[in-house]
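The sequence and structure are shown first.

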Amino acid sequence: MAGQSHSLSYVGCNFLRQRLVLSTLSGRPVKIRRIRAKEENPGLRDFEANFIRLIDKVTNGSRIEINQTGTALYYQPGLLYGGSLEHDCSPNRSIGWYLESLLCLAPFMKHPLRIVLRGVTNDQVDPSVDVLKAIAPPLLKEFGIDGEGLELKITRRGMPPKGGGEVIFSCPVRKVLRPIQFTDPGKIKLIRGMAYSVRVSPQIANRIVDSARSILNKFIPDIYIYTDHMKGTSSGKSPGFGLSLVAETTNGSFLSAELASNPQGQGATVLPEDLGRNCAKLLLEEVYRGGCVDSTNQSLALLLMTLGQQDVSKVLLGPLSPYTIEFLRHLRSFFQIMFKIETKTSDEEHKGGEKVLMTCVGIGYSNLSKTIK
């Protein structure tokens, strides 16, 4: 397949992960030129090169060419292989940044993927492992990717700048995905959270919980926020604390929000009380945006709909994030698929912000490397 399809060409470093993931799934080679060509320090950053190495590990027979300055990249995808792997992520980005892409690729491997990732588990930029653990598995189950093999486990926490966290991710393979009709998010029925503290006083986590509850208790009684204080070797190499909150609805959709403290030696000190209150407000904002999938996982849902059987899939989302909008453009380039987008104004629903109903017919993607028993 890769032999027949012509390669796609892009300029610049934006959306590098999207392009490599979609290239791997579609079998179409990608050329990316002028990566930070005009900056003082041109070319790929450390974490991007690290991500390319990870893609190389999970595939078999990929051809990757990077020029000497790192400003041009050619990638011809191989077959998704999977198996048991280990990978040390760059401490500049959190493990969640790598996991987002692995969630897209894992169901289509030849062998079920089981990978140990080491690095930063929670930071201020990327989705944390806690949030992905709460939201991604239920979303994958909607598409028929479930069973005992689907697991995301945090064995050690690592905060920036030095990291030291460890996560185990395993995912079963599927030959085909089932189409979904996920258009009614339902009402919020419970909120769960995780307040974590590493290499600081365990009391900080309790202070975060109290301040978050002071806001959320006004809306719903069923709130439980766990505290997680890791000691010794399992606490990584840098101090820090944070909170991730997940709201579950009556129809099984999940909305999340999270905040982490500033990395050691960077920025002003954050009070646990402020962090708890601000995180609770962020969750309420996400609930206002609404939809059946929260803004961090919009692109994962749209990708799995695209790759589903040749049947209609529908999902109701809150306002599309800029990342998702670019992702839709990439889906059109790689898979020639267009979504029907209908806006639902808040008057129709009387709930929250404007919603978008996304409809598409899957391309009938089949996992060719999965042997038929």
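The sections below treat the basis of the model, its salt bridges, a charged patch and a glycine.

## Basis of the values

The model is predicted, with local features requiring pLDDT of at least 70, side-chain atom pairs counted only at pLDDT 80 or more, and totals for chains, interfaces and linings using all residues. Residues are numbered from 1 along each chain as its sequence is written, and side-chain values use heavy atoms, with hydrogens and water left out.

## Salt bridges

A salt bridge is defined as a side-chain nitrogen of Lys or Arg within 4 Å of a carboxyl oxygen of Asp or Glu. By this rule the count is 19. E86, D88, R118 and E166 are linked in a network of such bridges. Helices (H or I, at least four residues) and strands (E, at least two) are DSSP runs, numbered from the N terminus.

Burial is expressed as relative accessible area: buried means under 20%, exposed over 50%, and partly exposed in between (1.4 Å probe, protein chains only). R118 is partly exposed at 26%, E86 is partly exposed at 47%, and E166 is buried at 14%.

Another salt bridge joins the side chains of E326 and R329 (3.0 Å, N to O). Because they are three residues apart in helix α8 (residues 322-335), E326 and R329 are separated by about one helical turn. E326 is buried at 17% relative accessible area, whereas R329 is partly exposed at 46%.

## Positive surface patch

K31, R33, R34 and K38 gather in a patch of positive charge on the surface. Patches consist of residues with over 30% relative accessible area and no salt bridge, like charges being joined within 9 Å and nonpolar side chains (Val, Leu, Ile, Met, Phe, Trp, Tyr) within 5 Å. Lys and Arg count as positive and Asp and Glu as negative, while His and the chain ends are not counted. The place of a charge is NZ of Lys, CZ of Arg, CG of Asp or CD of Glu. Areas come from the Shrake-Rupley method with a 1.4 Å probe; for residues, only the protein chains shown count as cover. R33 lies in strand β2 (residues 30-33) and is partly exposed at 39%.

## Gly96

G96 is located in helix α3 (residues 95-105) and is buried, with a relative accessible area of 0%. Leaving aside neighbours within four places in sequence, G96 is in contact (heavy atoms within 4.5 Å) with P127, V129 and L132.
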